Structures are given as C-alpha cells and as structure tokens.
Amino acid sequence: MLLIKRFHSSFQRIAHVGKAQTGDSFSVKGWIKNIRRLKNNIFLDINDGSTSGRFQIVLPRDSHTQKLTSGTVVSAQGKIQVAPNGHYELHADAVESLADGQLQDGFPFSPKQKHPPEYVREHLHLRSRIDYFAAQMRLRHKAQKIIHDYMDELEFVQINTPLLTTNDCEGAGEVFRVQPDSEDLLKQMSRPNVPLDQSYFDHKVFLTVSGQLHLEAMSYGLGNTYTMAPAFRAENSKSPLHLAEFYMFEAELVHLKHLEELSGFIEKMLKTTTNRLIETSGQDLQFCQASADAKQDLPWLSVPWPVLTYDEALDTLIKHKESFTTPISQNEGFTKEQELFLVAHCKAPIFVIDWPVQQKPFYMKVSESNPQRVHALDLLMPTVGELCGGSLREDDVSRLSSHPQLPKDLAWYVELRKFGGVPTGGFGMGFERYLQLLTGVKNIRDVIPFPRYPHSCRM
Ligand SMILES: NC(=O)C[C@H](N)C(=O)O
C-alpha cells in the first residue's frame with residue numbers, strides 16, 4: 001500500500017512512484033509533455049517537476065480526451081501497473097484537465113526538440129519547463145541542503161550575513177552602490193554635512209562582495225560559523241564563470257593556526273557532501289551531466305588533493321610557458337588557462353598556498369618566516385579553475401592596523417582582535433561554480449534560477 005502522501009495535499013509526486021506496487025491507487029497532477037493517440041487508448045507522458053523521468057498515463061480514448069494537448073495541466077487518478085517496457089504507468093480511471101496548455105499560441109519550446117541553453121535562457125520565466133533546467137534546480141536545492149546538514153553536524157552556526165554593507169571586504173572596488181531611488185525621500189532625510197545621495201544611511205552603502213568580515217565578528221563570540229548568501233560583484237565580465245549576483249558558501253573557523261587544517265577541512269567537506277549528493281540525487285546529476293555532454297565520473301573524489309606553494313606553481317607554469325596563450329604575470333595571479341593547466345599537470349585538484357602579499361587583500365595573515373608571503377590558499381579544480389579562496393586571518397593587531405590597504409572604517413574589525421582575539425581562518429566557495437564542476441554545465445548562467453550579468457538583469 002502506498003502511503004507517501006504529502007501532508008498538505010491529496011496527490012502524490014511522480015518521483016515516488018518507484019515505491020509503489022502494482023495495483024496501488026495513485027493520483028497525480030502535472031503537465032502533459034507528450035501525447036500519443038492509438039485506436040482505443042491515449043497515452044500521456046506527464047511531468048510534475050519532481051523528477052527528470054516521464055510518467056505515462058494510459059486512458060481510454062473518448063470525446064473528453066480529444067481536448068488534451070501538450071502543455072495541458074491534468075489531474076489523474078487510477079491504479080499503478082507495469083508497462084511492457086518494465087516502467088510503472090498509471091491506468092487512469094479519471095483524468096481532469098485543470099488548465100489548457102495553449103502551446104501552439106507562442107510557447108517558445110517544442111516538446112520534442114532539445115533547445116540549446118542560450119536559446120532557453122532567452123525565456124527565463126519559462127525555463128523551469130525544460131527538463132534539464134528543472135533537474136539542475138532540484139540538484140541545487142539538494143546540494144544546499146546537504147551542505148547545511150553537514151555544517152550543522154559539525155556544530156557550525158549559520159549566520160545570515162547582511163547584503164547591505166559599508167565595507168568592500170575584498171578591497172577590489174567591484175562593489176555595487178545602493179541608494180534610494182526617491183529624490184523626495186533623500187531630501188526628506190537630508191542632514192547637514194552628509195551628501196544628499198547618502199542621506200538614507202549617512203554613508204555610502206554597497207551590496208556585499210563577501211560575508212567574511214561579518215562572519216569573523218560572529219565567530220569571535222560563537223566559535224565556528226558559516227553563511228550561504230548572495231554576493232555581488234560589479235565586473236564587466238562576459239566569462240562563463242562569472243555573475244554579477246552569485247551565491248557564496250563561506251565558513252570561518254576559530255582556533256585555526258595552520259593553513260593545512262583549512263585545506264584539509266575543505267577537501268573533506270567537498271568530498272563528503274558530493275558523495276552524499278550522488279547518493280541522494282544521482283538521477284538528476286546524471287541527467288544534468290548527460291544534457292551538458294559532460295563526463296559522468298568525478299575522478300577528483302577519489303584522489304588526494306596536493307598542496308603546492310605559489311612559487312612551485314609559478315615555476316611549473318614558467319617551465320611550460322610555451323603552452324599558454326596568456327602571459328604569466330607575477331603581480332596578478334594565474335589566468336584560467338594557467339589554473340586549468342596546473343590541475344591537468346597534477347592530475348588532481350590542487351591547493352596553491354603562500355601567495356605574494358601584494359596579490360591578496362589586507363586581512364590575510366603575513367608569514368612570520370617570509371613577510372613577502374601571506375597564508376592564503378586557492379583551490380583549483382578541473383573545468384572551473386578556482387573554486388575556493390581562503391586564508392588565515394591577520395590576528396596581530398599592530399600589523400593589521402598598519403596595513404596600507406586597511407579601510408578607514410574598519411576600526412571594529414581591528415577591535416575584534418583586541419577583546420579576546422583568537423586565531424581564525426576561513427574560505428569562500430562560489431556555489432554556482434561548484435554546481436558547474438559537478439554537472440559540467442559550461443555557462444554559469446545555466447545553474448542559477450535568474451542570472452544577472454553585464455547588460456542583463458531580466459525579470
Ligand atoms: N570568506 C572568504 O574567505 C572568501 C573571501 N572573502 C573572498 O571573497 O574570496
């Protein structure tokens with residue numbers, strides 16, 4: 001007997017049909033994706049968004065079924081039977097049309113055709129009707145849930161870091177500014193000595209580029225913390241790996257003294273959560289990989305991830321400099337091409353550690369043994385290149401206060417170290433890049449529900 005009913009509804013989801021037995025009653029609601037009319041029976045392939053698989057409904061052909069077309073929303077009740085191909089199907093006693101599909105009237109996708117992602121992206125509001133995109137969204141949901149569960153097991157506290165902030169954590173000037181649109185409001189709120197455009201908050205305010213500094217403030221009282229929040233970067237980049245609005249998973253660990261502890265944490269977390277995702281959402285994952293023409297195995301799950309110093313990585317690149325179309329720069333980090341070369345060369349993801357001071361932000365801890373280097377790491381992965389960036393944080397008050405790039409309004413950040421300071425370290429992971437790594441989806445715009453990028457903020 002099938003008992004999987006959602007508490008608030010009288011119908012079941014197609015994803016659960018595998019748990020049914022022949023003869024069980026089943027009722028379902030979904031969109032008709034395809035119809036075949038034979039002499040006596042009509043066959044509806046329906047999908048309800050719970051799985052990438054189609055589910056077949058069989059019903060006798062009569063005058064009512066004439067009106068059913070692809071796209072019609074139906075409600076059907078009947079008994080589960082096994083089809084000749086071994087799949088479960090529903091032999092319906094009753095099928096009710098809940099809404100017409102009207103696909104002939106301008107619907108941009110044809111049920112039988114595989115549309116390329118660039119075309120699908122032109123119709124953002126209808127993308128969820130595309131099977132591979134729906135699978136991607138379910139996978140995204142599960143991946144977030146698994147990460148939250150994992151962090152909870154480790155007793156990290158999730159912090160909702162603010163989206164509006166006065167600081168540019170990364171100091172790279174890639175911030176979007178926020179101010180009220182209403183001139184009247186700005187005038188109403190104006191104060192002496194405050195520029196009119198800043199009169200709402202009395203300061204310039206930006207969309208956050210990273211929740212790190214706020215996480216640090218919380219970690220100094222709570223211990224380990226993390227966040228999974230939107231981050232914004234005002235970059236003029238058309239790259240398939242960048243968005244103006246993306247989600248970043250960030251964690252801050254207390255009593256962290258060595259970078260190897262941080263790289264060890266990241267490696268274990270990514271391997272464990274990915275293996276859990278494969279267990280729970282293997283079907284959606286494979287469906288996304290197949291739609292992206294990507295390989296289905298993830299060899300990085302079963303190899304150790306080596307650690308290279310920046311100098312070692314640079315030497316390797318210099319030795320192979322003829323292989324690159326991009327020049328090797330000692331001031332600006334590696335290009336995507338160079339990152340991917342290093343990963344291919346080591347046949348594994350790699351952590352690059354001990355970066356030159358001038359390439360990294362003010363908050364990173366300077367090495368005692370070499371003041372030209374900071375305790376920072378980048379995790380480089382196949383397909384996407386840099387997936388995570390992190391560091392030990394500078395906990396020496398005098399060094400931090402005298403850093404030439406320390407923003408003026410960060411006295412509070414320095415003060416964290418003064419009152420019961422502890423060594424901390426942390427990292428950020430671009431969540432969409434992680435999804436690209438898993439699914440092989442080429443463009444980051446296709447792993448987020450509503451992508452925002454230069455010249456495009458639709459809906
Ligand atoms: N939390 C982190 O360490 C991430 C870092 N702030 C970044 O944006 O790269």
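Analyst: Two strands are said to pair if DSSP finds at least two bridges between them, and strands (E, at least two residues) and helices (H or I, at least four residues) are themselves DSSP runs, numbered from the N terminus. The model discussed here is predicted, so that local features need pLDDT of at least 70 and side-chain atom pairs count only at pLDDT 80 or more, while totals for chains, interfaces and linings use all residues. Residues are numbered from 1 along each chain as its sequence is written, and side-chain values use heavy atoms, with hydrogens and water left out.

User: How many bridges join E7 to strand E9?

Analyst: Strand E9 covers residues 205-207 and runs antiparallel to E7. Within this pairing, Thr 165 has Phe 206 of E9 as its bridge partner. The number of bridges that join E7 to E9 is 2.

User: Which strands are the edge strands of the open sheet?

Analyst: The open sheet is formed by 3 strands in the order E7-E9-E8, with antiparallel pairing. An edge strand here pairs on one side only, and this holds for strand E7 (164-165) and strand E8 (177-178).

User: Is Gln 212 buried or exposed?

Analyst: Gln 212 lies in helix H4, which spans residues 212-222. A residue is called buried under 20% relative accessible area, exposed over 50%, and partly exposed in between, using a 1.4 Å probe and protein chains only. Because the relative accessible area of Gln 212 is 4%, this residue counts as buried.

User: With which side chain does the side chain of Gln 212 make a polar contact?

Analyst: Contact means heavy atoms within 4.5 Å, and, leaving aside residues up to four places away in sequence, Gln 212 touches several residues, including Glu 170, Arg 393 and Tyr 363. A polar contact asks for a pair of N or O atoms within 3.5 Å, where, within protein, one must be able to donate a hydrogen and the other to accept it, and residues adjacent in sequence count only if both atoms are side-chain atoms. At 3.2 Å, the partner of the Gln 212 side chain is the side chain of Tyr 363.

User: What is the phi of His 255, about?

Analyst: Most residues other than glycine have a negative phi. His 255 lies in the loop between strand E11 (245-254) and helix H5 (259-291), and it counts as exposed because its relative accessibility is 54%. Although His 255 is not a glycine, its phi is positive, at about 55°.
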